[in-house]
Amino acid sequence: MKKLLLATAATALTAGAVSADEVKVGIILGFTGPIESITPMMGGAAELALKEVNDSGKFLNGDTLVPVRADSTCVDAAAATAAAERLITSDGVVAIMGADCSGVTGAILSNVAVPNGVPMVSPSATSPALSSAEDNGLFFRTAPSDARQGEVLAEILKDKGVGEIAVTYTNNDYGKGLADAFVAAFEGNGGKVTLTAPHEDGKADYSAEIGALASAGGDLLAVFGYTDQGGKGIIQASIDTGAFDTYLMGDGMYGDSLLADLGADMEGTFGTVPWAQGEGTEIFTKLAADNDLNAESSYTRESYDAAALIALAMAAGGEASSAAVAANLLNVANAPGEPIMPGELGKALEILAGGGEIDYVGATGVELIGPGEAAGSYRHYEVKASKFETVEYK
Amino acid sequence: MDFLNALVALSNFVLIPAMTYGSQLALGALGVTLVYGILRFSNFAHGDTMAFGTMSVILFTWLFQSMGISLHPLPTALLAIPFGIAATALLMLGTDRVVYRFYRAQKAKPVIVVMVSLGVMFIYNGLTRFILGAEEQRFMDGERFIIRAREFKEMTGLREGLAFKTTQGLTILTAVVVVIVLFWFLNKTRTGKSMRAFSDNEDLALLSGINPERVVMVTWIIVAALVTIAGTLYGLDKSYKPFTYFQLLLPIFAAAIVGGLGSPVGAIAGGFVIAFSEVAVTYAWKKVLVYLLPESLEPEGLVQLLATEYKFAVSFMILVIVLLIKPTGIFKGKSV
């Protein structure tokens, strides 16, 4: 028995010695579940950033970053917590790129990340509630909070002179957060919301919901749901009964399949979707294409930026530790310093090693505000001839 | 004018949707009630049988579409229904041969057979997902509307629109035809009479020379036809997803029990009671009342009894009330 214990201990020690120059970064996304169609691109983009850092050979005396994937499921908080627990305790990751959906992100943050002191950078959790979550300075996101989207949507309505609307949202953290933010901003501008009604995803029939919304009335219907779930069902039911003619849509409703399925009745519908433009975005589009990734897929750019920020923060701190990421992430993301585009991570590492400062621009023009979340720019679109036409960027 | 507007709004959001939903529930409840009356157990696999039947219809619809056969302006699925019924009937007869016949021979207590049907439910559940998957499928083609809301407004000059979908018209029409044929079959034909005799008094029916296996076989075939038609109409009118069919089990059972288990007339009445209560209780009556009432009495709020999230709770409430007050249901079925 004693020999066995000794042998195990020895193996563990050697294993530790070998992996001293390997730094593990967790990538926790919903590889199964409602958003499984976009997570492979997101994971791929994050790994692309880590690979770029490794290939430059300039990361902390030649240490290499090793991505470890885990499944957040997007909806099951218990499964996501267990997966994150495994990443930290058994894989020993120093930081987490993730999670994706707002609900599971909040669960991982409070149950696993904060107790273990491991920082998280989410590319896609947008719930306003996460801005005020108890995070000990460990939570960052490269996606903007929906509080901002609510304001942008309210502004658009104000410009159009719409005074009275009905609101429906998907009954989860994302839908509720966005609806609350929007209603507050809209009423702040003097608008009137006739009814705010949640809808459940995955139902066959939304005629009762539409009946109530139509009775409450309004110039148009705001839909904060998912494009292939209840959100589409609500609009379908509204078209069927002629309840509303125009719709205001949140980012979850943006998708080509929606226009393909609902056709001509969507004419004049408008909404917002987080959007990035500029030099960094163009460079990333090319970089992604060279690596078989689709930069247009939702949150692919944000994922690249999230992983790049984790690596750069470690380099700025001079050590591959959780503390270094948490302490330096805001410094590398914001001015002052040399602007860093996607594909220039090697150059950034060089500057940091020389004691200089950088301002990571990345694929989405990263600018972290408040408690460490993207300021966010949105594309205001309108449906014309069954296409999403850009009206302006806000 | 205001009265007409109120009537149109009411038809558009309450009467037509509830009529359609009620017809779909009635067809489903008829199947439950037949199984209960003749085979004497509550068939929990009913919802998933509906999913299976609709799946077969969808597969045949796709086959016809790929062959270029269509019924324009009606949906192609109508052509596929007989084939779907055949596939479902084969499945149900197979299940009866392998599973239910064994328990019938043992004279197992109804509650045991109910648990067996729960097992069958899980098998069907898996079968449907294995063949077609768990996602939503669209198989509706042809003309979507008989009247569009916008056209109605322009035509009549009223402020309220009235939409009437092809599928809603088809559902109501088909339900009427199916019910008439079923009642003619049960009341006028020899086989139908022997089924009713078997349901009323099994021993007496056996003594008078009725072949029980034949009665059981005919029952399964009729139930297969009912579920396939009900499921297809529901899928055409709303959307097809195996999970929503499983969820339909509750309102269907509520309808059958409210009407009186074992009573076909009760199943139809129960279907409409459940559908109208679900829609009317969660409807916001403000719009209709504003048209009808004088200005001084106009309601401030939405006049909504129950938020739409609680739609499914309505079936539960009605079920509880009926079981407390009149356990045999409206039409004096068997007590549960």
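**Figure 1. Burial and overall form of chain A.** Of the 394 residues in chain A, 55% are buried. The model shown here is a predicted one. Chain A contains 13 helices and 16 strands. Its radius of gyration is 22 Å, close to the 21 Å that the globule rule gives for 394 residues, so chain A is as compact as a globular protein of that length. Along the principal axes, the C-alpha atoms of chain A fill a box of roughly 75 × 50 × 35 Å.

Figure 2. Domain 1 of chain A covers 22-145 + 278-374, and domain 2 of chain A covers 147-275 + 376-393. The centres of these domains, taken over C-alpha atoms, are separated by 30 Å. Where the domains touch, domain 1 of chain A contributes 13 residues and domain 2 of chain A contributes 10 residues.

**Figure 3. The side of domain 1 of chain A that touches domain 2 of chain A.** Helix α4 (102-116) and strand β5 (139-144) of chain A each supply at least two residues of this side. The greatest contribution is that of α4(A), with three residues. By class, this side of domain 1 of chain A has six nonpolar and seven polar residues, and no charged residues.

**Figure 4. The contact between chain A and chain B.** This contact takes 27 residues from chain B and 19 residues from chain A. On the side of chain B that touches chain A, the elements giving two or more residues are α1 (2-39), α5 (149-156), α10 (242-247), α12 (264-282) and α13 (286-292) of chain B. Helix α1(B) gives the most to this side, with four residues. The residues of this side of chain B comprise 11 nonpolar, seven polar and nine charged.

**Figure 5. Helix α7 of chain B and its surroundings.** Helix α7 of chain B spans residues 190-200, and B:Met195, B:Phe198 and B:Ser199 are buried in this helix. Seen down the axis of α7(B), the buried residues fall within an arc of 100°, so they line one face of the helix. The exposed residues B:Arg190 and B:Asp200 are carried on the face of α7(B) turned away from its buried side. The elements covering the buried residues of α7(B) include α1, α6 (166-188), α8 (202-207) and α9 (212-237) of chain B.

Definitions and conventions. Residues are numbered from 1 along each chain as its sequence is written. Chains are lettered from A and ligands numbered from 1 in the order in which they are written. This is a predicted model: local features need pLDDT of at least 70, side-chain atom pairs count only at pLDDT 80 or more; totals for chains, interfaces and linings use all residues. The radius of gyration is taken over C-alpha atoms; the globule rule is 2.2 Å times the number of residues to the power 0.38. A residue is buried if 20 or more other C-beta atoms lie within 10 Å of its own, exposed if 12 or fewer, and partly exposed in between; C-beta atoms are placed from the backbone. Two residues are in contact if their C-beta atoms, placed from the backbone, lie within 7 Å. Ala, Val, Leu, Ile, Met, Phe, Trp, Tyr, Cys and Pro count as nonpolar, Asp, Glu, Lys and Arg as charged, and the others, Gly among them, as polar. The arc is that of the directions from the helix axis to the C-beta atoms. Domain bounds come from an automatic or database domain assignment.
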